[in-house]
Amino acid sequence: WKDSSDRKGDRVKLWAHRGCSQRYPENTLLAFEKAAAVKGLTGIELDIQLTKDGEMVVIHDERVDRTTEGIGFVRDYTLSEIRRLHIYAGESKSQQIPTITEVLDLLEPDLRVGLRLNIELKNGVYSYDGMEEKIVELIRRRGLERQVLYSSFSAKSLVKMRRLEPDAELGMLDSKVSDCLYKLRGVGADALHPFWRAMDLPREELGDYPVRAWMGGHLYPEKTTGTKLNMEALEQQGITDIILNEPECYLI
């Protein structure tokens, strides 16, 4: 697989990390709606997990404690139970933990005209049995295979995805880009997804793989930082894409 995010001297491409997650609550329909409205955005990144009754929901943490008033693990809630939890959204209406189907309903028009979606399979801490099959079936049913790429910290999960969907683009997540690269080769993945401050290999060793570096920190309700990344310096390190929380500060 090769997409436009290869190293041909293009400027660094921007992805919304969990939506526009600095000004709006992460992984909510509100954050995704705001991200889809950002002109020039390459794509949106989000995370999926399974509820107790096997439904795919969009949430980063394995527990609901940080983002909702609830306590406990996502996997111990049924969908109806998790839907009763609220996500504080300041002056906006309180949000809920959405299903991936709801997110696709919202984003599909934009995906059809070029926006991409990076679905992170949250199988790193707990292995959600059958999650890979469920998401592949859903994406196929909607005919969105070309618009979606999958990433995970779990090499085992990506190996399974490769078997289920041979043509899917797979991104190997890890902290150091060296660990991404070594695991990528074993998995047969297509892209490197390291932490942006862990580029521990020279650009020449990264080959032609897209390098989509992710950032942390400054999640909602943080105000805008007032500073901007030096994209040229990132590009010189071999980063082709950056997954960040405030893409609207760069593209609007």
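Modeller: A residue is buried under 20% relative accessible area, exposed over 50%, and partly exposed in between (1.4 Å probe, protein chains only). Ile 100 has 1% relative accessibility, so Ile 100 counts as buried. This is a predicted model, in which local features need pLDDT of at least 70, side-chain atom pairs count only at pLDDT 80 or more, and totals for chains, interfaces and linings use all residues. Residues are numbered from 1 along each chain as its sequence is written, and side-chain values use heavy atoms, with hydrogens and water left out.

Colleague: Which residues does Ile 100 touch, not counting residues up to four places away in sequence?

Modeller: Contact means heavy atoms within 4.5 Å. By that rule Ile 100 touches Leu 46, Ile 48, Met 56, Val 57, Val 58, Ile 135 and Leu 138.

Colleague: Is Asp 174 buried or exposed?

Modeller: Asp 174 is buried, because its relative accessible area is 12%. Leaving aside neighbours within four places in sequence, its contacts include Phe 153, His 193 and Trp 214.

Colleague: Which side chain does a polar contact join to that of Asp 174?

Modeller: A polar contact is a pair of N or O atoms within 3.5 Å; within protein, one must be able to donate a hydrogen and the other to accept it, and residues adjacent in sequence count only if both atoms are side-chain atoms. Here the side chain of Asp 174 is joined to that of Lys 183 by a polar contact of 2.6 Å.
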